[in-house]
Amino acid sequence: MEQMMKQDPRFAKRMNDAKKSLESNPVEILTLPSDKCPYHKCDGTGWIWKRDWSKRHLPNKKDEWQEQCDCYEQLMKQREIERKLDLAQIPPIFKDATVNSFDVNLYKQSDSRETATTAKKAAANYVSNFKTMQEYGKGLYLFSEVKGSGKTRLVSSIANALMKMYGVDLAFLKADDLLTQIKKTFNGKTESTESEIIQLFRNVEVLVIDDIAVEKSTDFAERVFFNVLDYRLEHKKVTLFTGNKTIDNLGNVYIEGRVSSRIKKMSLEVYMPEESIRDDEAESENKELEKILFG
Ligand SMILES: [Zn+2]
């Protein structure tokens with residue numbers, strides 16, 4: 001090395017400059033910045049590796065370490081939201097559904113479009129006023145008799161928005177699945193109302209029960225829903241429902257009447273169009289694919 005420096009003064013100068021700059025600022029950033037970092041500082045992991053050259057030759061040298069990037073907290077928040085979205089179990093086809101993308105023009109009848117427009121507005125207002133709604137423990141009850149009218153889609157959109165905007169913990173279940181899950185935990189043992197899964201449904205910050213007006217209700221179903229909903233009402237926890245019976249007519253399903261009286265207190269009823277768009281969607285999807293097949 002010294003040989004080289006003697007032979008080439010320019011090389012010597014470069015080496016000296018490098019040495020001086022390391023002496024004045026011996027900390028080198030090892031992480032290559034990438035576009036994955038919004039600040040273009042780290043490689044998208046939220047961490048920046050650094051090395052202190054001045055400590056290179058010390059015994060027990062700790063000359064390399066990592067520091068949090070400015071993007072770290074944002075990244076953790078994002079991951080937390082993703083984790084929550086995963087846990088929430090929104091139906092996969094609606095996992096990216098937004099209130100904005102809820103298309104009222106999918107309905108063919110003009111009165112359906114009107115009803116859908118009102119429902120969409122209510123959904124958007126609900127989301128933007130969620131903190132107030134949460135204070136009162138008020139959820140929504142999306143109703144239409146017709147299946148496939150967009151209830152599940154709209155309630156999924158609301159759920160997605162609540163998780164993304166407010167970071168709420170949320171569980172999304174079809175009423176039948178909720179019952180099945182609870183039944184499984186009993187396993188023939190004595191029924192315990194304090195079962196872990198019931199605790200979960202009682203306590204989760206926001207619970208979405210899709211299709212609450214199950215076809216065949218049983219004593220068991222009625223007991224479980226009363227148990228969960230009474231607790232949630234008492235503790236002002238938000239529950240969102242969809243159903244193909246009005247809240248008043250839920251008495252035909254849960255005959256004791258205690259379930260519908262709880263739902264009435266804890267949710268605002270929103271009417272959905274009495275028109276199915278599910279079939280139309282399948283149809284237009286087919287049309288798209290037929291274009292590929294037949295040109
Ligand atoms: Zn970063």
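When I say helix or strand, I mean a DSSP run, H or I of at least four residues for helices and E of at least two for strands, numbered from the N terminus. The model is a predicted one, so local features need pLDDT of at least 70 and side-chain atom pairs count only at pLDDT 80 or more, while totals for chains, interfaces and linings use all residues. Residues are numbered from 1 along each chain as its sequence is written, and side-chain values use heavy atoms, with hydrogens and water left out.

Start with Arg 262, which sits in helix 10. Its relative accessible area is 16%, so Arg 262 counts as buried. For accessibility, buried is under 20% relative accessible area, exposed is over 50%, and partly exposed is in between, with a 1.4 Å probe and protein chains only. What does Arg 262 touch, leaving aside its neighbours within four places in sequence? Its contacts are Phe 226, Leu 229, Asp 230 and Leu 233, where contact means heavy atoms within 4.5 Å. Arg 262 and Glu 234 are 28 residues apart in sequence, with 9.6 Å between their C-alpha atoms.

The arc is taken over the directions from the helix axis to the C-beta atoms.

The expected span of a helix is 1.5 Å times one less than its number of residues. Among the buried residues of helix 9 are Phe 220, Val 224, Phe 225, Phe 226, Leu 229 and Arg 232. After helix 9 comes Lys 236, with a positive phi near 50 degrees.

Two other residues belong in the discussion of phi. Most residues other than glycine have a negative phi. Gln 89, not a glycine, has a positive phi of about 65 degrees. Gln 89 lies in the loop between helix 3 and helix 4, and is exposed, with a relative accessible area of 57%. Asp 211 also has a positive phi, near 65 degrees. Asp 211 is in the loop between strand 6 (206–210) and helix 9, and counts as partly exposed at 28% relative accessibility.

Next, helix 4, residues 110–128. Its 19 residues reach 27 Å from first C-alpha to last, close to the 27 Å expected. Which residues of helix 4 are buried? They are Ser 112, Ala 116, Ala 119, Ala 123, Tyr 126 and Val 127. Seen down the axis, these fall within an arc of 95 degrees, so they line one face of helix 4. The face turned away from that side carries the exposed residues Glu 114, Thr 118 and Lys 121. On the buried side, the packing partners are helix 5 (130–136), strand 4 (139–143), helix 6 (151–166), strand 7 (238–243) and strand 8 (267–271).

Thr 246 is in the loop between strand 7 and helix 10 (258–266). Thr 246 is buried, at 16% relative accessible area. Apart from neighbours within four places in sequence, Thr 246 is in contact with Tyr 141, Phe 143, Glu 269 and Tyr 271.

Now the zinc site. The protein donors are the SG atoms of Cys 37, Cys 42, Cys 69 and Cys 71, lying 2.3 Å from the zinc ion. Donors here are N, O and S atoms within 2.8 Å of the metal (3.2 Å for Na, K and Ca), and water is not among the atoms, so sites may look incomplete. The four donor atoms subtend angles of 103 to 114 degrees, which makes the arrangement tetrahedral; four donors count as tetrahedral if all angles lie between 85 and 135 degrees. In sequence the donor residues are spaced C-x4-C-x26-C-x1-C. Cys 37, in the loop between strand 1 (27–29) and strand 2 (47–52), and Cys 69, in the loop between strand 3 (64–68) and helix 3 (72–88), are 32 residues apart and link distant parts of the chain. Both Cys 37 and Cys 69 are buried.

Last, the overall layout. The domain assignment, automatic or from a database, gives domain 1 (2–70) and domain 2 (77–280). Their centres, taken over C-alpha atoms, are separated by 55 Å.

Methods
Tetrahedral: all angles 85-135°; square planar, octahedral: opposite > 155°, others 65-115°.
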